Amino acid sequence: MSTPPVLPDRPRLPWDPPEHFEKRIPDGDNRERLVCARCEFIHYQNPKIVAGAICSWGDKILLAKRAIEPRKGFWTVPAGYMELGETTEQAAQREAREEACATIEIDRLLAMYSVARIGQVQIMYRARLVSADVAPGVESEAVALLDWSDIPWEQLAFPTVVWALAHFHDARGKADFATYSNPTGELARMWPPRKPPTV
């Protein structure tokens, strides 16, 4: 008589590995991976890449209020996960269209942030809106073109939004600057969100 299979504590999800995958350290590796017990195929799980942009129209900045979790109802800059087959620039342009019905021109790379705790690398560009004709996309409750003094700092969705806005402010008017990265000091601890003292 065979032993019945052990049922999981929850329903099987589409992204769960097949049942014949097991966690172990493959030969020549130094960390645990998902390995197929049948053919030894290694399923690598790597960080996701997020691409976005700080988009300006004259002196105004484009923000979108999130209509989805996480952080529904909080403000962000257009950004999201890359799709296969696109560049980071194309991903940032697509996210601006999807979240704010905005057409943008990429100026240059602004910042690259490593967010290890959630497995993300976030790439942010400095960009210009082609026109002020913006509107909420399906993932946004509202969009706004805001003067710098009107940015709702306490209502920003994520630490990296605070960082990107602060770095955009620091690079304003500069044609050339070093790409920003994870901040140190007070800006790195800017949570809950608030206006950075240097801005």
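Five elements each supply at least two residues of the lining of the largest pocket: β7 (79-81), α1 (88-100), β8 (104-115), β9 (120-129) and α2 (159-171). The model is predicted. Empty space is found by rolling a probe the size of a water molecule over the atoms. The largest pocket has a volume of about 660 Å³. It is lined by 31 residues, and the closest to its centre are Val 50, Arg 66, Gln 120, Gln 122 and Phe 158. What classes of residue make up this lining? There are 15 nonpolar, nine charged and seven polar residues.

Now turn to the aromatic rings. Two values describe a pair of aromatic rings: the distance of the centres and the angle of the planes. A search of the whole structure finds five aromatic pairs. One of them joins Trp 148 and Trp 153. Their centres lie 5.7 Å apart, with 75° between the planes. That angle makes the pair edge-to-face, because planes over 60 degrees apart count as edge-to-face. Are these two residues buried or exposed? Both Trp 148 and Trp 153 are buried. Ring pairs also bring in Phe 168, so that Trp 148, Trp 153 and Phe 168 form a cluster.

Compare Phe 177 and Tyr 180. Why is this pair called tilted? The planes of the two rings meet at 40°, so the pair is tilted, and the ring centres are 5.8 Å apart. Phe 177 is buried, and Tyr 180 is buried too.

Rings can also have a charge over them. Which residue lies over the face of Phe 177? Arg 108 does, at 3.9 Å from the ring centre. Elsewhere, Arg 71 lies over the face of Phe 74, at 3.8 Å from the ring centre.

Next, follow the backbone. Most peptide bonds are trans, and most residues other than glycine have a negative phi. Some places here depart from that pattern. The peptide bond from Glu 69 to Pro 70 is cis, with omega near 0°. Where is Pro 70? Look in the loop between β5 (60-66) and β6 (75-76). The bond from Trp 191 to Pro 192 is also cis, again with omega near 0°. Pro 192 is found in the segment after α3 (185-188).

Glu 40 is not a glycine, yet its phi is positive, at about 75°. Glu 40 lies in the loop between β2 (33-36) and β3 (42-43). Its relative accessibility is 46%, so Glu 40 counts as partly exposed. Cys 101 also has a positive phi, near 50°, and is a residue other than glycine. Find Cys 101 in the loop between α1 and β8. At 40% relative accessibility, Cys 101 counts as partly exposed.

Note on methods. Residues are numbered from 1 along each chain as its sequence is written. This is a predicted model: local features need pLDDT of at least 70, side-chain atom pairs count only at pLDDT 80 or more; totals for chains, interfaces and linings use all residues. Side-chain values use heavy atoms; hydrogens and water are left out. Rings of Phe, Tyr and Trp (its six-membered ring) pair if their centres lie within 6.5 Å; planes under 30 degrees apart count as stacked, over 60 as edge-to-face and the rest as tilted. Buried means under 20% relative accessible area, exposed over 50%, partly exposed in between (1.4 Å probe, protein chains only). A charge sits over a ring if NZ of Lys or CZ of Arg is within 6 Å of the ring centre and within 35 degrees of the ring normal. On a 1 Å grid over the protein atoms alone, a cavity is a set of points where a 1.4 Å probe fits but cannot get out, and a pocket is an open set with protein on both sides within 12 Å along at least five of seven lines; lining residues have an atom within 4 Å of a point. Grid points are joined across faces, edges and corners, and a volume is the space filled by probe spheres set on the points. Helices (H or I, at least four residues) and strands (E, at least two) are DSSP runs, numbered from the N terminus. Ala, Val, Leu, Ile, Met, Phe, Trp, Tyr, Cys and Pro count as nonpolar, Asp, Glu, Lys and Arg as charged, and the others, Gly among them, as polar.
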